[in-house]
Amino acid sequence: MHHFYYINRELYCENVPLARIAAQVGTPFYLYSHATLSRHFRTFTAAFEGFSHLVCFAVKANGNLAILRLFAQLGGGADIVSGGELYRALKAGVEPKKVVYSGVGKKPAEIRFALKTGILMFNIESSQELAAISRIAGRLKTKAPIALRINPNIDPKTHPYISTGLKKNKFGINIDQALQDYRRAVTLPHLEVVGVACHIGSQITELAPFLEAVARLKDLIRQLEREGIHIRYLDLGGGLGITYDQERPPHPQEYGAALRKALEGLKITLILEPGRVLAGNAGILVTRVLYTKDTEDKHFIIVDAGMNDLARPSLYGSYHGIWPVVKKDCPTITASLVGPICESGDFLAKNRKMPAFQPQDLVAVMSSGAYGFSMSSNYNARPRVAEILVKDNDFYVIRKRETYRHLIRGESIPDFLRNSP
Ligand SMILES: *Cc1c(COP(=O)(O)O)cnc(C)c1O
């Protein structure tokens, strides 16, 4: 469900025609719908009504301050994976006590920052990290609230790059070793064990892997209780999939109902870390056709956005719907939509049926609200694109397009290179 639709063959976001935004801000740009983001958050949190829970939006999916703020105003927290994401979350007004910190490589300075902030909990991913957090908390004369992120060894049946809960992945602590680490954690005076966490992967389109994870974590929680280790928070991570093409993921309501049923009788607060399901279909990338080019056996449509702006197709071979911003009477052809980057992997859609776009046409690359802008880079010295938020009849620039000046910010030429050649 989203708020991008055609009125008289023109694509709108809520009540604003995309062509009007393109004329004012130029292309390419990311565009998000306020109504869709709010609706997704409300639907998701409503699915857990009656069960104590906290929805921590995964900042890495889309870290724009306006979007973090929007979710924070609806009561959401943040799932962060770096000091930079903590900084963003705080700047956006997320309450520290609603922040959970995941990630296999937390640095000492990042741990200190999170301890001083007073976050809800650290999701610890290794025995060495456990020791490091305990040591740093000791030096700061404080206590770190922690969960262990468990690797439950479950196949989420998604793309190998975005599955994270298998034994062979780098994430989490092997479930067989977890008990031992918990026993150790409770003996450390500067740690406070508060939770159990997991995150098994992303773009998961079935309930079964989530339920398997819950079953294993429930067993672990019971085992811990028997040993007198009380668990307050069960963090099930994110990972619920969305429809990019033909996928039929469970509706958040089904997901919520199934999880609530599986957790019946357990006295814990459930934490969820959705990213993609909240933001993915709430955003698009709008780009303009520069040229078309026909080779012996291929049609190329060259647009002004590339893999540096939207990496997912190149990185995962992922599918994004390609919609014309203005529908015209033109034939459908099989073509590849490619960017200006000097890499053959630079495509937004490969060998796909699409309208025979012409130079100057505007194209909407759908379902780009998660892992779109947040994964973008300056590769090929391309300034990062603008981000726009539409609400009802208006649009707001929530991140200005970068200029060439941004590209060289912080760089300097050492004195020994200063003489003219
Ligand atoms: C990436 C990530 C998420 C969000 O995943 P989605 O598939 O976008 O919901 C949540 N938790 C952790 C620990 C992550 O790494």
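**Close-up views of a predicted model**

**View 1. Helix H7 and the elements around its buried side.** The buried residues of H7 make their packing contacts with helix H6 (127-139), strand E9 (144-151), strand E10 (173-174), strand E11 (191-197) and H8. The model shown here and in the other views is a predicted one. In helix H7, which spans residues 175-187, the buried positions are Ile-175, Ala-178, Leu-179, Asp-181, Tyr-182 and Ala-185. Apart from neighbours within four places in sequence, Tyr-182 is in contact with Ala-147, Leu-148, Ile-150, Val-193, Gly-195, Val-196, Leu-220, Leu-224, Ile-229 and Ile-231.

View 2. In soluble globular proteins, nonpolar side chains tend to be buried together.

**View 3. Contacts between domain 1 and domain 2.** The domain assignment of the chain gives domain 1 as 4-31 + 280-407, in two stretches of sequence, and domain 2 as 34-276. The C-alpha centres of domain 1 and domain 2 are 32 Å apart, and contact between the domains involves 22 residues of domain 1 and 19 residues of domain 2.

View 4. Asp-181 is paired with Arg-184 in a salt bridge whose closest N and O atoms are 3.8 Å apart. Because Asp-181 and Arg-184 are 3 residues apart in helix H7, about one helical turn separates them. Asp-181 counts as buried, at 5% relative accessibility, whereas Arg-184 is partly exposed, with a relative accessible area of 32%.

View 5. Glu-192 and Arg-232 form a salt bridge in which the closest N and O atoms are 3.0 Å apart. Glu-192 lies in strand E11 and Arg-232 in the loop between H8 and strand E12 (233-235), so the pair ties together parts of the chain that are 40 residues apart in sequence. Glu-192 counts as partly exposed at 33% relative accessibility, and Arg-232 is also partly exposed, with a relative accessible area of 38%.

View 6. The closest N and O atoms in the salt bridge between Arg-384 and Glu-402 are 3.3 Å apart. This pair links distant parts of the chain, 18 residues apart, with Arg-384 in the loop between strand E19 (362-365) and strand E20 (386-391) and Glu-402 in the loop between strand E21 (394-399) and H12. Both Arg-384 and Glu-402 are buried, and together with Arg-399 they are linked in a network of salt bridges. The count of salt bridges comes to 14.

**View 7. A nonpolar patch on the surface.** Ile-413, Phe-416 and Leu-417 form this patch, and together they have about 370 Å² of accessible area. Phe-416 is found in the segment after helix H12 (404-407), and its relative accessible area of 67% makes it an exposed residue.

Notes: Residues are numbered from 1 along each chain as its sequence is written. This is a predicted model: local features need pLDDT of at least 70, side-chain atom pairs count only at pLDDT 80 or more; totals for chains, interfaces and linings use all residues. Side-chain values use heavy atoms; hydrogens and water are left out. Patches are made of residues with over 30% relative accessible area and no salt bridge: like charges are joined within 9 Å, nonpolar side chains (Val, Leu, Ile, Met, Phe, Trp, Tyr) within 5 Å. Accessible areas come from the Shrake-Rupley method with a 1.4 Å probe; for residues, only the protein chains shown count as cover. A salt bridge is a side-chain nitrogen of Lys or Arg within 4 Å of a carboxyl oxygen of Asp or Glu. Helices (H or I, at least four residues) and strands (E, at least two) are DSSP runs, numbered from the N terminus. Buried means under 20% relative accessible area, exposed over 50%, partly exposed in between (1.4 Å probe, protein chains only). Contact means heavy atoms within 4.5 Å. Domain bounds come from an automatic or database domain assignment.
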